[in-house]
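Hello,

Here is the structure I promised to pass on. My notes follow below it.

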Amino acid sequence: MPDLPFLPVLLWSDLLIWLLLFGALLLGWLSARNPLLCAAWQRVGRNRAGIASATLLLAFVVVGLLDSLHYRPRLENGSGPAAGGSVGSAPAYAVEVLSLLDELLAPLRTRHEKTYSEPLATRAHAKEAIEVRTPDGELRQVRDYPRLRHGGAHLGADEARHAADIGERVLHGLALALLAWWAVAAATAAGLARAEGGTPRAAWRRIWHGDSGFAWNALLAALAGLLLPAVPMALLAVDYHVFGTDKVGQDVLYQVLKSVRTALVIGLVTTLVMLPLSIFLGVVAGYFRGWVDDLIQYLYTTLSSIPGVLLIAAAVLMMQVLIDTHPQWFATAAERADLRLLALCFILGLTSWTGLCRLLRGETLKLRELEYIQAAQAFGVTDLRIIARHLLPNLMHIVIIALVMDFSSLVLAEAVLSYVGIGVDPTMISFGTMINNARLELAREPMVWWSLAAAFVFMFTLVLAANLLADAVRDAFDPRLAGSA
Amino acid sequence: MSREVAVREEGLLTVRELRIAFASGHALLPAVDGIDLCVAAGETLALLGESGCGKSATALALLRLLPAAGRIPGGEVWFAGRDLLRLPEAEMRAVRGGGMAMIFQEPATSLNPVLTVGHQLAEVLERHLSLAGQAVRQRALELLTAVGIADPERRLGEYPFQLSGGMKQRVMIAIALAGEPRLLIADEPTTALDVTIQAQILDLLRRLQAERAMGMLLITHDLGVVAQMATRVGVMYAGEIVEEAPRAAFFAAPRHPYTQKLFAALPDLARRGSRLETIPGQVPALSAMPAGCRFAARCAHAWALCRAQAPEWRQVAPGHRLRCHLDGGQGAAWLGGGVAVPVAGPAAEAPAVTPPLLAVDDLRVHFPIRRGILQRTVGHVRAVDGVSLELVRGRTLALVGESGCGKTTVGKAILQLIQPTGGSVQLLGQQLGERSRRALRPLRRRMQMIFQDPFASLNPRLSVGEIIAEGMRALGVAAPGQGGGAAIAAVLQQVGLPAQAAGRYPHEFSGGQRQRIAIARALAVQPDLVICDEPTSALDVSVQAQILNLLASLQAELGLAYLFITHNFAVVDHLAHEVAVMYLGRIVEQGRVDEVLRAPQHPYTRALLSAVPGPRLEAQPEFIRLPGEMPSPARPPGGCHFHPRCPQAIAACREAYPASSRLTPTHVVRCHLPGQEESALTVSGMKTPPCGGVTG
């Protein structure tokens, strides 16, 4: 085996995320071949709110995907003289599992302060006793806000330049963002002009008048909305803590970016668990009726009459015991936290399939009486084939709508569960754990508000974008609305 | 002011240059393009036209109730001296219900299911007549009595689900009348009702209109209803009125080619056995209206001017005007219209002694009624209760009856889509019941079904080719692959569709084309028996003619046997060899078409036949009024099922269900009356049949 500078680690949740991406691409390919699906997605493409939110979601997904390529860096074994002789020995890898996102955000990840600091601050949030050397060479103890180790360190003694420096960076960042956006927009217009014929100027006008078949104006507007805050933030983040630091001095911006993956895993993997159950049971109950229907109905009425949190708490605690008694299963702490995350996804999936199942059962009951199903029965087509060819494709719009709608509620569910302490592993960064920590921070005087605010803004954007996209998808796929749109 | 005076003189409602459009994205698609109407008090103007020509949009626009996408870009609607299009919304509310009222097509959905009848009536009375308390109740009772509802005291407190379809439509009419409107707009008021109920409702509307001297705007597609109701007739086509005439002139000599074609496309006795006239093509889409005459593309007489220039109004007789460039278009041309290839007359000869293709004996389908926690069976809905039929190759048996009589259930039970409770079904001498699904499969390709609604019977997610191939693959008729493609193309060609249609999806086709696809799907497995469940009832007259012609020519070519389930006697008359009339799950009369339709013996058959409105003015048989509606098959009346509604019921009818009496070798009736009249005529009786029937 060649000496890699790192050891790739494939966590279970990584595998599922990449499988999901592959599945999404497959769906895209199938949609492109099927004119009906293709037309529905084109309707989504014309919906301005849908495209704007899809653009934002895509940014979140990119962050999540970057965070899903894990590895263990190789330890530098040449540092100590004692290790120098062992050339032939196997390379040692760090216990800590990093992701590509960690590597990109290395400055954010490694520059720890001592404790809380406000956003963009150069000094800490609380006063401390500091030893100051007076001009006459005497050491004196002063109680003051200490300078941060990293935040604004480049200013040196010239702390008065703090505000000017921030202003400069913001203006600089805005200019850069505008430039970048302009370049993308011009490239879009040029590309459109080449694809459809005509001058770039005409294409430009068409984009902004909304005359083209795709909501390019919404995409560009969303891109502007994304770049304008993001680029100045990136410039500031080089030398400041944009969202401040938390109790142990970790950068909050880093934490919210890491939370995105947790939210995506919870939102997507759970639906993956839920879908087969609800589709299979719902369709079977609706199609066969009789005792099959009774059985499945009893199952889901029973399941949905148990308080969900209670069921989840019991399952998570059992899982916790299992993990704690088998430490030998996990090579790293990250793998342990990952398994707990997946367990949570499964438990959430097993408790939340009932809603969609009921919906699909009702729709199947309606569809099975339709004449094309009876025509198929008159041909002696087998039940399985009727389900696969006639029922499933006609239920797909409900499934797609439910999938996108459930995503946002699951992200919120994770936050709630982590808040009551039965969510993800405490070592795993998630919106829920951040909000849970903020409970104590808000009680402090002066209040520590930035952690909660950052988590809130990011989660709100993610969920709102998902909801708006769900709306657009529902409108496009609902056959009753398709005609009027 | 002078203009308003003029309007008052002209009539109750005057519509000038009314245009209606529907917004689609940035574009406005015109649906109605500059129509003029005038309705005087006490007069009925019938707007006649096929679906999609803008009749209903016009009615809604008069009340300013168009759906959200609807716009009125221009025109005037003068009603009682005011232009309704310029009224503020608050005043418009007083006009709706108070000045004009509307009756909708579907009585089941136009009443609120959670409010009592009394409540819904009171709502109107309080709003428009400012009545309150006891006066409301008093007035509501009067109204219910006026629309012929028995026991109005009890009905006031009942909910819509407790009323039958005809009763609901009566209540709907009572609500429309509550505001004492001067104009009644009736949008297909009887389309969803059975013929006997339709006759009752039309009767009621005529009586009320005469009593109150109301104006009425009747929107319909049914020439028979027009013949009974209208004072004047306006024919709409593609958003324009193309012909307007007093009723007598309209029926005596329709002038516009479109109107003539509509008459010619009606199936009836005169053209029995020949092909029906059809109108090629379809109504142009809203987005692609032709510049010249809108009918030019489908008109057999169109010439250059028709395509270049839209025709103006032209007066041909007092009150009779049309929009057509042809002035030689002589009326009455349609009377001899259907001279095309006469196919062998369906009722030509008695069938040769061939073994029957299909033999149904004493078929029963009972659905259990379950109640209570333990779902115990407390009774049965006897949807089909002892039906026996025989059908030989190459012939058509029509199964006729009102909705709810079990005729569709018979079709499905024959196909084993519903498990029969009793009796036997034999196809080609082989028993169908009690076979496993696998054993049934070889017989499935011998029988197929064509469904009523071409929009529900094709899976919207499959291409036409896949839809047709499905049966072939499931029944192993053709190997999938190359042979399949050729077979699909052949069967598409058989039903008159291009082979390229296989790659397209059902939503790209019109209703008539979809029904052709459904027929192709059934034909693809080369069946001997096709069960047609009201295959034309969802289609327009001109398209219905195309489908009937197609079915007739397929029968002639392939020797198919049809079990034709329908409620339309004109279609029966045109197509069928034999008829069976069903009432409450049982066949009450059965025989050759000429026997049953020309000399009906059962009082129910007579009543049904008399209730069918004919599309002509003369020779309407006396309407035999049937009281009430069909009872529930869960609790059929004792004795003869029909006796509570029968005008000729005698004591024996209440006691026992009549046995079948065979009047001729082919004509069988289950009634006590013929047997009483000529008791010698028993099952073995071979004398001449009694001639007490209604002829005509």
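Let me start with a question: which residues of helix 6 of chain A are buried? They are A:Asp165, A:Arg169, A:Gly173, A:Ala177, A:Ala185, A:Ala189 and A:Leu192. Here, buried means that 20 or more other C-beta atoms lie within 10 Å of the residue's own, exposed means 12 or fewer, and partly exposed is in between, with C-beta atoms placed from the backbone.

Before going further, some housekeeping. This is a predicted model, in which local features need pLDDT of at least 70 and side-chain atom pairs count only at pLDDT 80 or more, while totals for chains, interfaces and linings use all residues. Residues are numbered from 1 along each chain as its sequence is written, and chains are lettered from A and ligands numbered from 1 in the order in which they are written.

**Chain A**

Helices (H or I, at least four residues) and strands (E, at least two) are DSSP runs, numbered from the N terminus. Helix 6 of chain A covers residues 162-196, and its 35 residues should span 51 Å at 1.5 Å a residue, which agrees with the 51 Å between its end C-alpha atoms. That expected span is 1.5 Å times one less than the number of residues. The cover over its buried residues includes helix 7 (200-209) and helix 8 (216-237) of chain A; contact means C-beta atoms, placed from the backbone, within 7 Å. Just after helix 6 of chain A comes A:Gly197, with a positive phi of about 80 degrees.

Chain A is divided into domain 1 (152-237) and domain 2 (252-482), with bounds from an automatic or database domain assignment. The centres of these two domains, taken over C-alpha atoms, are 35 Å apart.

A:Leu365 sits in helix 12 (residues 333-367) of chain A. This residue counts as partly exposed because 15 other C-beta atoms lie within 10 Å. A:Phe288 is 77 residues away from A:Leu365 in sequence, yet the two are 9.1 Å apart in space, C-alpha to C-alpha.

**Where the chains meet**

The contact takes 17 residues from chain A and 22 residues from chain B. On the chain A side, helix 2 (35-46), helix 13 (371-378) and helix 14 (383-419) each supply at least two residues. Helix 13 of chain A gives the largest share of that side, seven residues. By class, the side of chain A that touches chain B has 10 nonpolar, six polar and one charged residues. For these classes, Ala, Val, Leu, Ile, Met, Phe, Trp, Tyr, Cys and Pro are nonpolar, Asp, Glu, Lys and Arg are charged, and the others, Gly among them, are polar.

**Chain B**

Two strands pair if DSSP finds at least two bridges between them. Strand 1 (residues 13-24) of chain B runs antiparallel to strand 4 (residues 70-79) of chain B over seven bridges, and B:Thr14 stands opposite B:Trp78. Strand 1 of chain B also joins strand 2 (residues 27-39) of chain B, antiparallel, through 10 bridges. These two strands form a hairpin with two residues between them, and B:Gly25 in the turn has a positive phi of about 65 degrees.

There is also an open sheet of eight strands in chain B, in the order 6-7-8-3-9-10-12-11 with mixed pairing. Strand 6 (100-103) and strand 11 (313-317) of chain B are at the edges with a single partner strand each, so one side of each is left without a neighbour in the sheet.

Best wishes

Definitions and conventions: Two residues are in contact if their C-beta atoms, placed from the backbone, lie within 7 Å.
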